[in-house]
Each structure stands twice: as C-alpha cells, then as structure tokens.
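Reader: I have a model open and some questions about it. Can we go through a few spots, one at a time?

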Amino acid sequence: MTDAIPPDNADGPPLALSRLRVLDLSRLAPGPYCTMLLGDMGADVLVIDDARDVRAEPAAAPRDETALRRAASDATLRRNKRSLALNLKTDPAREVFYRLADEADIVLEGFRPGVVKRLGVDYDTLAARNPRLIYCSLSGYGQTGPYAAHVGHDINYIATSGALAASGSDAPGPEGSGRPAIPLNLLADFAGGGLMAAFAILAAVVAREHTGRGQYIDLAMSDGVLSLLTAPMAAHFAIGTDLAPRSYVLNGGAPYYDVYRTSDGRWFSLGAVEPKFFANFCTAVDREDLIPLQNDDDPAARARLRDELGAIFRTRTAEEWFALLNQTDVCAAPVLTPAEAAADPHNLAREMILDAPRPDGSGETMRQVGIAAKLGATPGRVRTAAPAPGRDTDAVLRDLGMDAAAIAALRESGAVA
C-alpha cells in the first residue's frame, strides 16, 4: 500500500498506530467512526469506495440541509484516510482488493450478514491468503441470532438492548406518559458500534503479537449497547432495580441527580450523588436543612426535595449558578447546547474543537471535533483532509506495480474509478 500517509508524524512525536494498515469497506457512520479513531492515531486507512458511485464529473456542491449535513459529517469521519474506488462485483476489482488484503493488518466491513461472502471478500477467503489478517464485521444485530438478518438503525438497536426504555423526560404511570426520549445516535452507532469495534480490533492486534495469527470479530451494535448498560443491568439483576425513565438514580429518579430550570430559562445539571457533594451544595445555598432528605426514600420526601431544589435553582441565572458552584466542591454544570460546547473554554483548552483542512483542497480550514484520547508520548493528529471518493485510486494502483496502461484498462472496464 502506498506511503502517501507517512509512517511517522513528521511534525511531532511518532504516531501510535502508524504501522497498521486498514482496509475500510464500511459506509454508514459506525464503521467510518471506528477507522477515524484508528486513523487519528496514525493507522494507514484506505477507504474502499464503490466505483459505481463515483461520477466522471465532480458533484455539485451540496445545497440542501441533508446533503450539507452529510458532507460535513464525511469531512470529519473520512479525515486521515485515503480512498480507492472499486467495483467489487467485478473480478479485476476483487483481484486488486485481494492484493491489498494480502498486506493489510485489518479489514472492517459494515454490510448486512452474507454480503461479503457473496462479494468474495469475506474473512475465510482473505484469511486463507493472509493468516495475520484481523477482520471485523460491524453490524446491527451480529452475524448470529434470531435478529441477525434484520435491518435497523441506532433507535432500533437501543430499543432492543433496553437503553431506550430507560431514557425519558417523565416516568411511566398516571403521573407521566413514560414515552422514551430518543437520544442522538450516540449509543449504538458511535459508542456501542464504532468505539467498541476500535477496541475489539486493537485487542485483536495485541493478541496477534502473542499468537502470530489474526482473527475474526463479530461486532454487533446491539451487543455494544448492552455492554454500556453493565452497571444499571447489574443493579437490575441483583435487586430488581426498575430502569424505566426517571425511576433509577442516574436517569432522573433522584432529585440530587437531575436538571433544573434557572431564572433565565436555561437548564442546569446537578450530580451530587455522594453525600459530601450534596452537603456542599446545601451549604453553598444556605439550606443545610435539606441534607437529611437526600437518602430519604419516602416518595413524599423525594417530591419535597425536588420542589425545594427547583425553587432554589430558579433564584439565579445559569451563569450565576456556575460562578457560585464552580468555586465549591459540587458536581454541577450548565446544560450547554452543542454550539455553546464548541465555544466553551474548557473544551477549547482540551483541543476538542480544532481547525482541520477542508476536503476541497482550498487550503482553508473547517471546525471539527478533536481527538479525545490524549496519549502523552504518541498523540494523535489530524494529518490529512477527507478524500473525495476515488481520490487515491491511481496512487494505490501504482504502488501495486501497475503502469498507466493497466490502470486505464481497469478504469475502462468499470472495475475502478
């Protein structure tokens, strides 16, 4: 594979994953997020785009909101990667892919179960050629089980896993509808899917150091969400804890772990779970009389505490509350909008919002979310902008030893673009 992305960070310390070569067959967000994480840490990620989707002429700049949103997402999720456009339904394209897989460390795919087998790029086929290959299939419900063939999206996976039923703004029963609150597609797509896949892949890389062989990874997003529910499910198994909306301590069931309106109409979060933090809060607002109510499980006492806290928070603005509680040892923070979070001084100081090169090659920059894992000796870095589909096709094929005539023949056949 080409050395277009250098094995080391020329502008800084070495990159942690610079020796890993990744072939990314995925399309939707979970897979690209996984390989973005690997690419941010230095892995050489080659996205295999579909040659049939690559037009001869550059696509017009997106204008509608959906297209703009997708383009902005791709600009981040495809950073630090290269693109080769193949039509894997053709024999010549498969031969190119096989040659790449022979030298690769990792293949990630996100198709429905059975698709890669039909394409001839499944684990058994590739591992027979390259026993050190680590192959991850990232899907909604996994490769086995009654739901394996079901289609779905984040909302369906968190529904099946129990996480959606535990989310909501009001409790079930006569006093509330109990309607689940639909979160952003963070739990299944990004945490249970992309992040869990990156963890599994790197675990397999470590295992290969001991065994000398790669392995197959069956990563289901529904499994990943259930893993994220480890602590609340443990409470459920042990003592039958109800995980319905606003019934569990950590989903709004406890007054000391909730959000409250401030005098300026904003929301403010209080997370004073430990008695010392709740006592510190009560002291800061001169209401030590509320301290004994924290662990009073009587519904009337909890209702009284919630009403009292609501009245207290309505006496100041969110900014005033943060100024006050930021100087005390209290778990509290204003509820920021995404726009406010992008301008927050702490997030900026942590370099979680950065300026990255625009994919259009203009030399200008665009804002993106930064790199969360702060490795001291081998930190990650955004090195290259997201590639247009097929941008690196010629370079990759040349690196495989093909001359201009051979590349032109592949293009003419529709095998590459």
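This is a predicted model: local features need pLDDT of at least 70, side-chain atom pairs count only at pLDDT 80 or more; totals for chains, interfaces and linings use all residues.

Reader: Where is Asp 258 found?

Author: Asp 258 is in strand E7, which covers residues 257-261.

Reader: What else does Asp 258 touch?

Author: Leaving out residues up to four places away in sequence, Asp 258 touches Gly 252, Phe 268, Ser 269 and Leu 270, along with Arg 246 and Arg 306.

Reader: Moving on to helix H12. Which of its residues are buried?

Author: In H12, residues 318-325, the buried ones are Ala 318, Trp 321 and Leu 325.

Reader: How do they sit around the axis of H12?

Author: Seen down the axis, the buried residues of H12 fall within an arc of 60°, so they line one face of the helix. In general, an α-helix has 3.6 residues a turn, so residues three or four places apart point the same way.

Reader: What covers the buried residues of H12?

Author: The cover includes two strands, E8 (267-271) and E9 (332-334). It also includes helices H10 (275-284) and H11 (299-313).

Reader: There is a loop between H10 and H11. Where does Asp 296 come in, and is it buried or partly exposed?

Author: Asp 296 is in that loop. Its relative accessibility is 29%, so Asp 296 counts as partly exposed; the buried class is under 20%.

Reader: What does its side chain reach?

Author: The side chain of Asp 296 reaches the backbone nitrogen of Asp 298 at 3.0 Å. Not counting residues up to four places away in sequence, Asp 296 touches Ala 301 and Arg 302.

Reader: How far is Asp 296 from Met 352?

Author: They are 40 Å apart in space, C-alpha to C-alpha, and 56 residues apart in sequence.

Reader: Then where does Met 352 lie?

Author: Met 352 lies in the loop between helix H14 (345-349) and strand E10 (353-357).

Reader: Which residues does Met 352 touch?

Author: Beyond those up to four places away in sequence, Met 352 touches Asn 347, Gln 368, Val 369, Gly 370, Ile 371, Ala 372 and Lys 374.

Reader: One more residue. Is Ser 222 buried or exposed?

Author: Ser 222 is buried, at 8% relative accessible area. Ser 222 is in helix H8, residues 221-228. Its contacts, not counting residues up to four places away in sequence, are Gly 140, Tyr 141, Tyr 157 and Ser 161.

Reader: Now the whole chain. How many helices and strands?

Author: The protein has 16 helices and 11 strands. Of its 417 residues, 43% are buried.

Reader: What does the C-alpha trace span?

Author: About 85 × 50 × 45 Å along its principal axes. The accessible surface comes to about 21,200 Å², and 56% of that belongs to carbon and sulfur atoms.

Reader: And how many charged side chains, positive and negative?

Author: There are 42 positive and 54 negative side chains, and the centres of the two sets lie 4 Å apart.

Notes. Residues are numbered from 1 along each chain as its sequence is written. Side-chain values use heavy atoms; hydrogens and water are left out. Helices (H or I, at least four residues) and strands (E, at least two) are DSSP runs, numbered from the N terminus. Buried means under 20% relative accessible area, exposed over 50%, partly exposed in between (1.4 Å probe, protein chains only). Accessible areas come from the Shrake-Rupley method with a 1.4 Å probe; for residues, only the protein chains shown count as cover. Lys and Arg count as positive and Asp and Glu as negative; His and the chain ends are not counted. The place of a charge is taken as NZ of Lys, CZ of Arg, CG of Asp or CD of Glu. Contact means heavy atoms within 4.5 Å. The arc is that of the directions from the helix axis to the C-beta atoms. A polar contact is a pair of N or O atoms within 3.5 Å; within protein, one must be able to donate a hydrogen and the other to accept it, and residues adjacent in sequence count only if both atoms are side-chain atoms.
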